[in-house]
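Subject: Handing over the structure

Hi,

Here is the structure I promised to pass on. Have a look at it first, and then read on for what turned up.

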Amino acid sequence: MRQVVEEMHALKITSDNYCLEMAVIIRETAHALHRGYAKLATNPGMAEPDAQMGLLCLPHVDEVYRKALNKLYIIEDDVKQLQSKEADAQINAFIHIVDILKRHDEYQYLRDIADHISKAASVLHGIVIQIG
């Protein structure tokens, strides 16, 4: 997660509601996994709800990710400006395309983190099942 924040800072990308929503999901499920793995030493059966919460990380982040991408690729205003040959239309469209690429990468990083959390939750779930 730290890498995502550092890259957003380096690329001068401000956080939007989609990044924030994905980050909150990631944080909550990471805390659940932390609690779940801690329970393995004393009461492994009680770790299952935490594992289940972790397993929901990727589907929940994916839902936000798809919404974010859907909004990100709206380019109708750029096309209208280019067609009407408005002043600075080309430079504005170019800047928007670069912003799309940068933000898409950030969304993808957050989605990848959610994927890793879901894999860790799957491992926790497997341990809970084996220990019984």
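**What I found**

Let's start with the pocket: the largest share of the lining of the largest pocket, five residues, comes from helix 6. Please keep in mind throughout that this is a predicted model.

**The largest pocket**

This pocket holds about 210 Å³ of space. Two elements give two or more residues to its lining, namely helix 4 (57-72) and helix 6 (89-131). If you want to pick the lining out on screen, select Asp16, Tyr18, Ala68, Lys71, Leu72, Ile74, His96, Asp99, Ile100, Arg103 and Tyr107. By type, the lining residues split into six nonpolar, four charged and one polar.

**Helix 2**

How far apart are the end C-alpha atoms of helix 2? They are 33 Å apart, and that agrees with what its length predicts, because 23 residues (17-39) at 1.5 Å a residue should span 33 Å.

Next, look at which residues of helix 2 are buried: Cys19, Met22, Ile25, Ile26, Thr29, Ala32, Leu33 and Gly36.

The largest nonpolar core has 25 residues, and Met22, Ile26, Cys57, Val61, Tyr107 and Leu124 are the ones with the most contacts inside it. Helix 2, helix 4 and helix 6 are the elements that give two or more residues to this core. Which of them gives the most to this core? Helix 6 does, with nine residues.

**The loop between helix 5 and helix 6**

Now for some backbone angles. Lys85 sits in the loop between helix 5 (76-84) and helix 6, and its phi is positive, about 55°, although it is not a glycine. Asp88 is in the loop between helix 5 and helix 6 too, with a positive phi of about 65°, and it is not a glycine either. Are these residues buried or exposed? Lys85 is exposed, with a relative accessible area of 72%. Asp88 is exposed as well, at 54%. Over 50% is what it takes to count as exposed.

**Two buried alanines**

Finally, a pair of alanines. Ala47 lies in the loop between helix 2 and helix 3, while Ala51 is in helix 3 (residues 48-55). Ala47 counts as buried, at 0% relative accessibility, and Ala51 is likewise buried at 0%.

For a sense of distances, Ala47 and His34 are 13 residues apart in sequence, and their C-alpha atoms are 9.8 Å apart in space. Ala51 and Leu101 are 50 residues apart in sequence, with 34 Å between their C-alpha atoms.

Over to you, and happy browsing!

Technical notes
Residues numbered from 1 in each chain as written. Predicted model: local features only at pLDDT ≥ 70, side-chain atom pairs only at ≥ 80, totals over all residues. Heavy atoms only, no water. 1 Å grid on protein atoms, 1.4 Å probe; cavity = no way out; pocket = protein on both sides within 12 Å on 5 of 7 lines; lining within 4 Å. Points joined across faces, edges and corners; volume = space filled by probe spheres on them. Helix = DSSP H or I, 4+ residues; strand = E, 2+ residues; numbered from the N terminus. Nonpolar A, V, L, I, M, F, W, Y, C, P; charged D, E, K, R; others polar. Expected span 1.5 Å × (residues − 1). Buried < 20%, exposed > 50% of the residue type's maximum accessible area, 1.4 Å probe, protein only. Core = buried A, V, L, I, M, F, W, Y, C linked by side-chain atoms within 4.5 Å.
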